[in-house]
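Trainee: I would like to learn how to read a structure. Can we go through it step by step?
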Number of protein chains: 2
Amino acid sequence: MELLVDPNFAPGRILSEEESAHCVKVMRHRVGDTLFVADGKGNRYECQLVDASPRGCTLNVLSTTVADEPKCHLWMAVAPTKNIDRFEWFVEKAVEIGVSRITPILCAHSERDRVRVDRLEKLVLAAAKQSLKCFLPSVDELTRFADLLASPLPPQRYILHCGENPKPHLFSQANPATDTLILIGPEGDFSAKEIVNAAAAGFQECTLGPERLRTETAALVATNVIAIRNQVDAIPQIS
Amino acid sequence: MELLVDPNFAPGRILSEEESAHCVKVMRHRVGDTLFVADGKGNRYECQLVDASPRGCTLNVLSTTVADEPKCHLWMAVAPTKNIDRFEWFVEKAVEIGVSRITPILCAHSERDRVRVDRLEKLVLAAAKQSLKCFLPSVDELTRFADLLASPLPPQRYILHCGENPKPHLFSQANPATDTLILIGPEGDFSAKEIVNAAAAGFQECTLGPERLRTETAALVATNVIAIRNQVDAIPQIS
């Protein structure tokens, strides 16, 4: 199955220009074809193509499926890498594996202080289509570390850093089915002050194991740890 | 700490041309500097730079550290993706997270029947340096699926595919500290015959959860599942 994703789609609406072009020129759909459109908010529409204009397809909605809200949300706040390709790669993979919100953060040791959110949103859309996601993850503007700590935060919060102090493994700490925010620092890691401030804001320091991981790898491994923790929910809590 | 990796290095040997150039031109080391060289087989040498020739540095070995063999080895056999960048990305990330051997495999539905192993080996070397690995993972030539099944196999073997039949999660099946081989198919998945043949060769069918993952993402998630299973070794077996 292939999926079109248009956040503004609903019965009676014209399909977005981008998805219409994809539908007609890439997927080569013709009038009469049945196709699926998701709005990224949980609704998936089975549609019949009525007008195959690449500027805006007209669709007749045959049926609607409403997906259940996910049991919990994973929010990843990650310092974008100097080489933006690496961060973009993380964004794509995180969408596949499962994430609800991505916030690029600006830290004391950040090597990058600009991010093109529109580019990231396009990547999110493409990855969500490819992996048939019903809910479209959101991407925030670049956010200062202090501003993030001062915003409304979910109950489960972790800061991952490379400091030498002994830290428990994220896997052993994270409870399944719980909204979670994870902080991943830049190439030069979080500053000592950032770690102290995060701890004061209720973030637990954790490790992802003994390997030295790049920023984007650590971010992806953390995303995956939470996904596995949620999938294999019969595992008792250990410390 | 930065690490140089030269599989042929030993006390009395000249550093390889590639690493010598990196040492002198990129890391800008000078005569008298102390630096670390690993041979990728578990030996790490603390050295003093005696002759800083970018064509071949002469080093005086001050001390040798021998790393313990890993408790177990993960062998990933993965069908290379049509777009080789995606496979190369997997190779880099797998080295960071932890893998001992990577075999590109040729399957019935493979979209790619050629791989440049020399390119992959360069990526492995770079990733191993970056993540300070004492043991250099090996990369095989492209191997036919049937030939792989007929070769000597480790005790723990899994085949991951997207078939509809109910399968246990890899995390719940894998025992820690056990040599493991995992098969990941091409974009078009393994053929039914390949799955039957793998089962006959003692491969257990497993899933990585409900998400639809690209080939290279599935390969990386599987690598990470085994890493987490080995790191968090106090978790009891569940089914």
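Trainee: Is Phe9(B) buried or exposed?

Mentor: This is a predicted model. Buried means under 20% relative accessible area. Phe9(B) has 3%, so this residue is buried. Tyr45(B) is buried too, at 6%.

Trainee: How is a pair of aromatic rings described?

Mentor: By the distance of the centres and the angle of the planes. Over all chains, eight aromatic pairs are counted. Take Phe9(A) and Tyr45(A): their ring centres lie 5.5 Å apart and their planes stand at 70 degrees, so the pair is edge-to-face.

Trainee: Which parts of chain A does that pair tie together?

Mentor: Phe9(A) sits in the loop between β1 and α1, and Tyr45(A) in strand β3, so the pair links parts 36 residues apart in sequence. Phe9(A) has 2% relative accessibility and therefore counts as buried. Tyr45(A), at 7%, is also buried.

Trainee: What about the rings of Phe9(B) and Tyr45(B)?

Mentor: Their centres are 5.5 Å apart and their planes at 70 degrees, so this pair is edge-to-face.

Trainee: In what order do the strands of the open sheet in chain A run?

Mentor: The order is β1-β2-β3-β4, with mixed pairing. β1 (3-5) and β4 (58-66) are at the edges with a single partner strand each, so one side of each has no neighbour in the sheet. From one strand to the next, the twist averages 35 degrees. Helix α1 of chain A packs on this sheet, touching β1, β2 and β3.

Trainee: Where does Lys93(B) lie?

Mentor: Over the face of Trp89(A), 4.9 Å from the ring centre.

Conventions: Residues are numbered from 1 along each chain as its sequence is written. Chains are lettered from A and ligands numbered from 1 in the order in which they are written. This is a predicted model: local features need pLDDT of at least 70, side-chain atom pairs count only at pLDDT 80 or more; totals for chains, interfaces and linings use all residues. Side-chain values use heavy atoms; hydrogens and water are left out. Two strands pair if DSSP finds at least two bridges between them. Helices (H or I, at least four residues) and strands (E, at least two) are DSSP runs, numbered from the N terminus. Axes are lines fitted to C-alpha atoms, for helices over the stretch in contact, and angles run from 0 to 180 degrees between N-to-C directions. Contact means heavy atoms within 4.5 Å. Rings of Phe, Tyr and Trp (its six-membered ring) pair if their centres lie within 6.5 Å; planes under 30 degrees apart count as stacked, over 60 as edge-to-face and the rest as tilted. Buried means under 20% relative accessible area, exposed over 50%, partly exposed in between (1.4 Å probe, protein chains only). A charge sits over a ring if NZ of Lys or CZ of Arg is within 6 Å of the ring centre and within 35 degrees of the ring normal.
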